[in-house]
Amino acid sequence: MSAHAGDFVWRAGGAIAAATMRGERAVIACLSYGERGESASQWLQGKPLDEIKKIRRDEAEAAAAELGADIEFLDLGDYPLLESPEAVERLVDVYRRVQPTVVLTHPLLDPYNGDHPAAARMAIQARILGQAIGVAVDGEYPSVEDIIGAPPLFFFEPHQPEQSDFKPNVLLDITDAFPLKRKAMECLPAQKHMWDYYTSLAIRRGVQIKRNAGPNLGLPHETLGEAYMRYYPEVTAVLA
């Protein structure tokens, strides 16, 4: 669940690529194109809104293709991304069609971008409603097969984690998947300044992975990583 066209690439591109490399399906729900607040380079060139939206859509589609993922656009608008019952209902429909086993979205706090917590709140609310057989979409109640279970939900890393109360408790090794993430990043020239930032962040998180993984995993020296924060408790029969 990505607020804007680039968010899923910077924050979770490694996780998405790693999943598709394993033969799993990844679906991106892109709530807006980031046409107003995250396309400054296009506005400075004097381009109109509709053209900017098309540019950002094309970029996001190309990035998703590099990651091997499907992508859906809800075109809810940005700056601000407004929460509404209608938007949540559309996300419930996404959940029920996709039947996700894992959900990735923004953290609930970001003092620099209100769209990100708005996307997170709607993603969480829709996950809850998607489990309820008494909640209809477009006036139709779901079958037993349509309702979702309780997929674990992870917050991906915001741009300024210290200011967003982001305390990662999951470090994901994306070493093998990073080349695809880098290719996806390069599909987003409207935010070219982010390419090196998120490459450097992957290196720093890779260092933390090695420090936390113990001596016997055989991780490569050039480990690259992404950080996540689990929202719901992990269910397990064995502590490891």
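User: How do β4 and β6 pair, parallel or antiparallel, and over how many bridges?
Analyst: In this predicted model, strand β4 (residues 153-156) runs antiparallel to β6, and the two are joined over three bridges. Within that pairing, Phe154 stands opposite Arg230 in β6.

User: And what about β5 with β6, how many bridges there?
Analyst: β5 and strand β6 (residues 225-230) also pair in the antiparallel sense, over four bridges. Leu172 stands opposite Glu226 in β6, and Asp173 has Gly225 of β6 as its bridge partner.

User: What is the order of strands in that sheet?
Analyst: The sheet is open and is formed by four strands in the order β3-β4-β6-β5, with mixed pairing. Its edge strands are β3 (103-105) and β5 (170-173), each of which pairs on one side only, and the twist from one strand to the next averages 35 degrees.

User: Is β6 mostly covered or exposed?
Analyst: β6 is mostly covered, as five of its six residues are buried.

User: Switching to helices, at what angle do α4 and α5 pack?
Analyst: Helix α4 (residues 85-98) and helix α5 (residues 115-130) pack at an angle of about 60 degrees, and their axes are 8 Å apart. The two helices are therefore oblique to each other, and their crossing is right-handed.

User: Which residues make the contact?
Analyst: On the α4 side the contact is made by Ala87, Val88, Leu91, Val92, Tyr95 and Arg96, while α5 contributes Met122, Ala123, Gln125, Ala126, Arg127, Leu129 and Gly130. Sorted by class, the contact of α4 with α5 has nine nonpolar residues, two polar ones and two charged ones.

User: Now the loop between β2 and α4, where Pro80 lies: is the peptide bond from Tyr79 to Pro80 cis or trans?
Analyst: The bond from Tyr79 to Pro80 is cis, with omega near 5 degrees, and Pro80 lies in the loop between β2 (70-73) and α4. As background, most peptide bonds are trans, and most residues other than glycine have a negative phi.

User: Which phi does Tyr79 have, positive or negative?
Analyst: Tyr79 has a positive phi of about 45 degrees although it is not a glycine. Tyr79 is found in the loop between β2 and α4, and at 40% relative accessibility it counts as partly exposed.

User: What about Asp75, what is its phi and where does it lie?
Analyst: Asp75 has a positive phi of about 50 degrees, although this residue is not a glycine either, and Asp75 lies in the loop between β2 and α4. With a relative accessible area of 35%, Asp75 is partly exposed.

Notes: Residues numbered from 1 in each chain as written. Predicted model: local features only at pLDDT ≥ 70, side-chain atom pairs only at ≥ 80, totals over all residues. Heavy atoms only, no water. Axes fitted to C-alpha atoms, helices over the stretch in contact; angles between N-to-C directions. Parallel < 35°, antiparallel > 145°, perpendicular 65-115°, else oblique. Left-handed = near helix turned anticlockwise from the far one by under 90°. Contact = heavy atoms within 4.5 Å. Nonpolar A, V, L, I, M, F, W, Y, C, P; charged D, E, K, R; others polar. Pairing = 2+ DSSP bridges. Buried < 20%, exposed > 50% of the residue type's maximum accessible area, 1.4 Å probe, protein only.
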